[in-house]
Amino acid sequence: MEFTVKQIATLLGGEVAGNDTLAITKLAKIEEGRPGDISFLSNLKYEPHLYTTQASAVIVDRSFQPRKPVEAALIFVENSYSAFTRLLEEYHQRMSFARVGVEQPAFAGDGAQFGEQVYRGAFSYVGRNCRIGHNVKIYPHAYIGDNVRIGDNTIIHTGARILDNCIIGQYCVIHPNAVIGSEGFGFAPQPDGTYKTIPQLGNVILEDFVNVGSNTTIDCATMGSTIIRQGVKLDNLIQIGHNVEIGKNTVIAAQTGISGSTKIGENCTIAGQVGFAGHLTIANGTKVGAQSGVGKNVYEEGTALNSSPAFGLKESMRSLAVFRRLPDLERRLTYLEKKTEK
Amino acid sequence: MEFTVKQIATLLGGEVAGNDTLAITKLAKIEEGRPGDISFLSNLKYEPHLYTTQASAVIVDRSFQPRKPVEAALIFVENSYSAFTRLLEEYHQRMSFARVGVEQPAFAGDGAQFGEQVYRGAFSYVGRNCRIGHNVKIYPHAYIGDNVRIGDNTIIHTGARILDNCIIGQYCVIHPNAVIGSEGFGFAPQPDGTYKTIPQLGNVILEDFVNVGSNTTIDCATMGSTIIRQGVKLDNLIQIGHNVEIGKNTVIAAQTGISGSTKIGENCTIAGQVGFAGHLTIANGTKVGAQSGVGKNVYEEGTALNSSPAFGLKESMRSLAVFRRLPDLERRLTYLEKKTEK
Amino acid sequence: MEFTVKQIATLLGGEVAGNDTLAITKLAKIEEGRPGDISFLSNLKYEPHLYTTQASAVIVDRSFQPRKPVEAALIFVENSYSAFTRLLEEYHQRMSFARVGVEQPAFAGDGAQFGEQVYRGAFSYVGRNCRIGHNVKIYPHAYIGDNVRIGDNTIIHTGARILDNCIIGQYCVIHPNAVIGSEGFGFAPQPDGTYKTIPQLGNVILEDFVNVGSNTTIDCATMGSTIIRQGVKLDNLIQIGHNVEIGKNTVIAAQTGISGSTKIGENCTIAGQVGFAGHLTIANGTKVGAQSGVGKNVYEEGTALNSSPAFGLKESMRSLAVFRRLPDLERRLTYLEKKTEK
């Protein structure tokens with residue numbers, strides 16, 4: 001994507017000093033700027049870089065006065081930091097939705113319907129009777145099974161797998177190689193020691209504004225739906241078992257696993273590599289520290305947990321502190337025993 | 001897939017009261033039933049739903065007598081619960097094996113042989129000299145390398161990767177994006193601090209009735225075979241190192257990792273996020289709790305382990321209980337020290 | 001790949017006794033050898049297998065004299081063990097780079113440039129303006145976004161995803177379904193409890209000789225680059241957050257996760273299922289035990305850490321030893337309390 005310095009200044013409502021016809025293709029930190037890049041100067045600690053940067057343009061505060069000659073074009077705005085942030089978002093948005101049309105070969109099953117401004121990458125697969133909304137971007141090698149519905153403005157990245165009957169909301173982002181709706185892990189032990197597969201016939205529902213990280217897996221429900229509520233953000237390599245429900249605006253970091261039928265509340269913050277046992281109910285606003293193992297229900301909102309098995313964060317910090325002193329504790333006890341023997 | 005109420009009644013050996021020509025496409029819980037769904041009523045606690053459900057048909061016990069008028073068609077059978085379970089299995093079976101034929105474009109290398117009733121999805125890849133059994137389903141974007149053998153009735157889901165020379169048994173299910181037979185992690189340290197790759201030339205053998213979860217990885221052996229025995233069930237995001245062997249009917253939950261050359265016995269139950277060190281031998285029937293770290297051989301059958309590093313389950317539960325009281329323990333010790341000083 | 005016994009003898013500078021026209025297609029252990037295999041005998045403990053093996057050829061030391069008739073052709077060399085190792089490496093090398101040319105259909109965007117001896121598998125995707133070096137192997141279903149550069153002799157396995165603007169060095173191996181350059185996990189909390197996506201516009205740089213395991217994910221930087229230095233070896237199912245930097249020749253085992261902006265030093269050894277918090281600096285030569293959780297900077301080179309939260313390896317081993325005796329410790333303390341009461 002390419003803009004001129006002038007176009008960017010107009011977008012940001014700023015004035016240009018210098019060459020406003022230069023082409024800008026990328027955003028960069030001021031100390032790493034190269035020709036074609038635009039950067040910004042907010043914290044004056046970085047001012048020396050302004051006089052040496054190779055960036056083609058730099059956004060600065062309207063109040064700023066350079067003390068030396070500057071090679072880059074300057075764009076003067078009210079607040080350079082928020083202007084740059086706005087530019088980042090605008091750039092990201094345009095990049096994410098830039099692709100439109102169908103690259104061949106792409107597969108669409110009978111009865112599949114597509115909205116306007118859709119992108120279907122080469123080797124993408126859309127099954128029978130799917131309904132794909134407006135401005136949906138289906139990247140190369142993405143797989144969408146039969147009877148799937150996808151809301152407007154959702155991005156399905158390369159290699160993501162959305163299996164039969166799943167429902168994906170609007171403004172979702174499904175990252176590469178994520179798997180949504182594969183069969184849950186259900187096996188009934190038989191008298192002869194073998195296991196019989198318990199059929200998994202449900203689906204997965206993602207509400208709007210959900211983010212699913214790369215290589216994350218979300219199993220379909222045995223019957224009914226595994227549900228990921230509006231605004232949930234899932235990092236990479238997470239496992240979500242069958243019939244799980246995750247409440248609105250809950251954020252979960254990488255490599256965490258949630259066993260079948262557990263219900264996580266709203267606005268929870270779950271760190272990385274955490275494990276949840278199955279069939280739990282976790283209250284709204286629960287916070288869980290990295291590598292914790294949650295084996296019990298959490299009834300009180302805003303509870304902070306830590307450790308494996310998990311208990312109160314503060315209590316666990318105290319126990320962990322003593323844990324480090326355990327050899328010393330044992331020595332003191334032995335000494336006392338000897339002393340009292342006499 | 002679509003059946004009439006009558007067809008289902010015949011399959012289950014039941015009698016219909018109501019409209020037996022209705023089309024059924026899905027199974028649902030009675031409280032969630034919608035037109036086109038079939039449900040069941042076994043526990044009479046749920047009877048009130050029978051009079052309000054939108055399901056098109058409900059399976060009930062022969063002894064059951066409705067107390068009010070029912071909109072849905074009723075199918076009377078000996079045992080409604082087991083009839084519904086049978087229907088679930090039948091439906092699941094038919095859905096899993098429904099697809100037959102080749103969707104274009106699909107790739108098959110020279111010398112690849114296919115049995116009858118095979119499905120090859122669009123963009124699926126089958127390498128040179130593969131032998132694919134009867135009724136095998138190879139979904140879109142699945143990759144099968146050269147010289148691979150796959151037994152009858154096995155399902156290879158979308159994006160699964162089966163690398164050169166691997167052998168897959170009958171009735172296996174390989175879930176989306178699983179990787180079977182990629183190179184193991186073997187690097188020999190060199191005097192200059194770099195690492196030299198140790199060639200990994202073996203393969204992976206899956207016996208019959210093996211389940212491999214989504215995004216699970218099973219590395220090939222350095223030489224010889226990594227072996228997953230009959231009836232083993234692996235959940236999602238599991239890592240199996242090179243030259244590992246897993247005994248018959250062992251079940252492993254999500255995100256567990258098994259390091260190279262470890263041998264797990266038969267009928268073991270391994271929970272989620274467990275780690276095994278390399279070159280271990282684990283006895284038959286071993287049970288390992290979630291997030292445990294197993295670093296030693298297990299000689300006795302039926303051993304239950306827990307914690308990281310893992311030791312006996314009961315002992316670990318006792319230690320973990322005291323762990324929570326550690327700050328109190330320290331206080332008591334300090335008090336005693338002061339007391340005996342006097 | 002097929003060689004005659006004579007060709008292999010010539011490669012190894014050895015002399016043949018027996019039929020030197022036999023075709024060899026595979027390497028095997030002497031006890032597992034079958035027709036078409038070549039094996040070796042170094043440790044004389046295995047000599048009995050020489051007289052019963054079905055392998056077509058066996059490499060032996062020049063000094064070795066068989067005591068019974070041998071069916072297999074013998075190749076006499078100076079050191080049978082190192083000759084076999086060399087053969088392994090040669091075979092592995094040739095297998096890895098055997099494929100050349102384009103299998104149809106394969107996609108290449110406008111402006112994509114390819115070196116000589118490149119392989120592009122069926123259904124592989126190479127985006128716009130990519131520069132792909134000589135002898136690069138792009139397996140089926142691999143995805144390479146726009147503006148990606150890949151150095152000579154690098155292998156991109158099936159289903160690997162390399163997103164826009166990433167730079168991959170020479171002699172790298174990217175294993176199946178690895179994801180490089182997907183968006184990092186950055187969300188800014190809003191006053192209403194929702195989260196706003198922080199645009200991730202940077203890339204990932206892999207220097208030369210880097211190994212990325214199956215289903216491993218490496219997020220792009222928010223701005224700038226996530227950097228994996230020369231010779232780094234990453235196992236399967238690892239998570240590398242945005243803006244992370246990993247120093248030269250560091251080795252990381254499966255299922256470990258590294259949070260955003262952490263810098264790992266050179267020549268570190270990180271075991272499996274380890275977690276690192278974000279924004280840390282870890283000294284060169286640090287060693288971290290399996291399942292540890294590193295939450296603090298490591299300043300001293302060669303530090304060995306263990307446990308979660310991690311502290312010194314030796315200290316942690318001592319604390320863990322006492323942990324197992326905690327119930328006993330508590331009993332001893334209680335006894336002492338009672339004793340001193342009197």
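Trainee: How many salt bridges does the structure hold over all chains, and what makes a pair count as one?

Mentor: In this predicted model there are 39 salt bridges over all chains. A pair counts when a side-chain nitrogen of Lys or Arg lies within 4 Å of a carboxyl oxygen of Asp or Glu.

Trainee: What makes A:Arg128 and B:Glu103 a salt bridge, and why is the pair said to join two chains?

Mentor: The closest N and O atoms of A:Arg128 and B:Glu103 are 3.6 Å apart, and the limit is 4 Å, so the pair qualifies. A:Arg128 lies in the loop between β12 (125-126) and β13 (131-132) of chain A, whereas B:Glu103 lies in the loop between β8 (101-102) and β9 (107-108) of chain B, and therefore the contact joins two chains.

Trainee: Why is B:Glu103 called buried, and what is A:Arg128 called?

Mentor: B:Glu103 has a relative accessible area of 12%, and buried means under 20%, so the term applies. A:Arg128, with a relative accessible area of 23%, is partly exposed, because that class covers values between the 20% and 50% cut-offs.

Trainee: How do you know that A:Arg331 and A:Asp328 form a salt bridge, and what separates them along the helix?

Mentor: Their side chains meet at 3.9 Å, N to O, which is within the 4 Å limit and therefore counts. Both belong to helix α5 (residues 326-341) of chain A, and because A:Arg331 and A:Asp328 are three residues apart there, about one helical turn separates them. A:Arg331 has a relative accessible area of 55% and is exposed, since exposed means over 50%, while A:Asp328, at 33% relative accessibility, counts as partly exposed.

Trainee: What do C:Arg128 and C:Asp146 tie together, and which network includes them?

Mentor: C:Arg128 forms a salt bridge with C:Asp146, with the closest N and O atoms 3.2 Å apart. C:Arg128 sits in the loop between β12 (125-126) and β13 (131-132) of chain C and C:Asp146 in the loop between β15 (143-144) and β16 (149-150) of chain C, so the pair ties together parts that are 18 residues apart in sequence. C:Arg128 and C:Asp146 also belong to a network of salt bridges with A:Arg99 and A:Glu103. C:Asp146 is buried, with a relative accessible area of 12%, whereas C:Arg128 counts as partly exposed at 22% relative accessibility.

Trainee: Why is the relation between chain A and chain C called that of a three-fold axis?

Mentor: Chain A can be laid on chain C by a turn of 120 degrees and a shift of 0.0 Å along the axis, with an RMSD of 0.1 Å. That is therefore the relation of a three-fold axis. Chain B can likewise be laid on chain C by a turn of 120 degrees and a shift of 0.0 Å along the axis, with an RMSD of 0.1 Å.

Trainee: Which residues form the positive surface patch, and how do you know that A:Lys26 passes the accessibility cut-off for patches?

Mentor: A:Lys26, A:Arg34, C:Arg131 and C:Arg149 form the patch. A:Lys26, found in strand β4 (residues 26-27) of chain A, has a relative accessibility of 43% and counts as partly exposed; patch residues need over 30%, so A:Lys26 passes that cut-off.

Technical notes. Residues numbered from 1 in each chain as written. Chains lettered and ligands numbered in written order. Predicted model: local features only at pLDDT ≥ 70, side-chain atom pairs only at ≥ 80, totals over all residues. Heavy atoms only, no water. Patch = residues over 30% accessible without salt bridge, like charges linked within 9 Å, V, L, I, M, F, W, Y side chains within 5 Å. Areas by Shrake-Rupley, 256 points an atom, 1.4 Å probe, with all protein chains shown as cover. Lys, Arg positive; Asp, Glu negative; His and termini not counted. Charge placed at Lys NZ, Arg CZ, Asp CG, Glu CD. Helix = DSSP H or I, 4+ residues; strand = E, 2+ residues; numbered from the N terminus. Buried < 20%, exposed > 50% of the residue type's maximum accessible area, 1.4 Å probe, protein only. Least-squares fit on C-alpha atoms with pLDDT ≥ 70 in both.
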